[in-house]
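Reader: I am new to this structure. Please show me how to read its features, one at a time.

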Amino acid sequence: MSVITTAVAAYLVVVLQELRQSIDVPILAYVTDDSYPFIPKPLARSYFEYSHFDPNANTRLEMPAYNFLLAGYGTFGEANSRRILELSDLFIQKCADIDRVYQGYSPLNAAVLSNEPELVQHLVLHGANLHQKVERPGSKFNGMVATEFAVALAAHKPRDISKVLAALSAQPNPSFRQRTSKSCAFCCQ
């Protein structure tokens, strides 16, 4: 074996070990520009397209992987937000629980909290539960559904919520939801 072949093989072993470490590693490698620069984006993308990962697993932070993925939306720039939405589609195709609550917020309610209309629309179009309530006992927002939550947030801290409210009124794509739920019967049981 040549030195180059040995070096490439060693590099691939390290990369594969990193990718297998926890689901947050390939997520960060794909959606950010600097968290895991030694893992090429195409390799991270291939991990999600071709491996049998659990989209409902927890990260090392004990955060659901799908919620972890969406938490980065809007913080790493437009290109990274686009990659997050692409990866969200792959997670949904692999039966991610798009309504799973983490620290009191479903992904949709977290998107409302962050005032991210594109993410809100993405979730609504993919069938997120508009009636999932905020679960924050002791908070004045506890028990509010997404629309109520958006209005209450705007009253609490003035901000323009018109785009979020418009996104909340988008119609889910029934053909996508039907196709996903049928395939989930096979892949998620």
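Author: We go from the overall fold to helix packing, a salt bridge and a pocket. This is a predicted model, where local features need pLDDT of at least 70, side-chain atom pairs count only at pLDDT 80 or more, and totals for chains, interfaces and linings use all residues. Residues are numbered from 1 along each chain as its sequence is written, and side-chain values use heavy atoms, with hydrogens and water left out.

Reader: How many helices and strands are there in the protein?

Author: Helices (H or I, at least four residues) and strands (E, at least two) are DSSP runs, numbered from the N terminus. Here there are 10 helices and 0 strands. The C-alpha atoms fill a box of roughly 65 × 35 × 30 Å along the principal axes.

Reader: At what angle do helix α2 and helix α5 pack?

Author: Axes are lines fitted to C-alpha atoms, for helices over the stretch in contact, and angles run from 0 to 180 degrees between N-to-C directions. Under 35 degrees counts as roughly parallel, over 145 as roughly antiparallel, 65 to 115 as roughly perpendicular, and the rest as oblique. Helix α2 (residues 24-31) and helix α5 (residues 78-93) pack at about 135°, with axes 9 Å apart. α2 and α5 are therefore oblique to each other. Contact means heavy atoms within 4.5 Å. On the α2 side, Ile-27, Tyr-30 and Val-31 make the contact. Residues of α5 in it include Ile-84 and Leu-87.

Reader: How do the axes of α3 and α5 cross?

Author: Helix α3 (residues 41-50) and α5 have axes that come within 10 Å and cross at roughly 25°. That makes α3 roughly parallel to α5. Lys-41, Arg-45, Phe-48 and Glu-49 are the α3 residues in the contact. For residue classes, Ala, Val, Leu, Ile, Met, Phe, Trp, Tyr, Cys and Pro count as nonpolar, Asp, Glu, Lys and Arg as charged, and the others, Gly among them, as polar. The contact of α3 with α5 has 4 nonpolar, no polar and 5 charged residues.

Reader: How many salt bridges does the structure hold?

Author: A salt bridge is a side-chain nitrogen of Lys or Arg within 4 Å of a carboxyl oxygen of Asp or Glu. The structure holds 4. One joins the side chains of Asp-24 and Arg-60 (3.2 Å, N to O). Asp-24 sits in helix α2 and Arg-60 in the loop between α3 and α4, 36 residues apart.

Reader: Which helix gives the most to the lining of the largest pocket?

Author: Rolling a probe the size of a water molecule over the atoms shows where empty space is left. On a 1 Å grid over the protein atoms alone, where a 1.4 Å probe fits, a pocket is an open set with protein on both sides within 12 Å along at least five of seven lines; lining residues have an atom within 4 Å of a point. α6 gives the most, with 4 residues.
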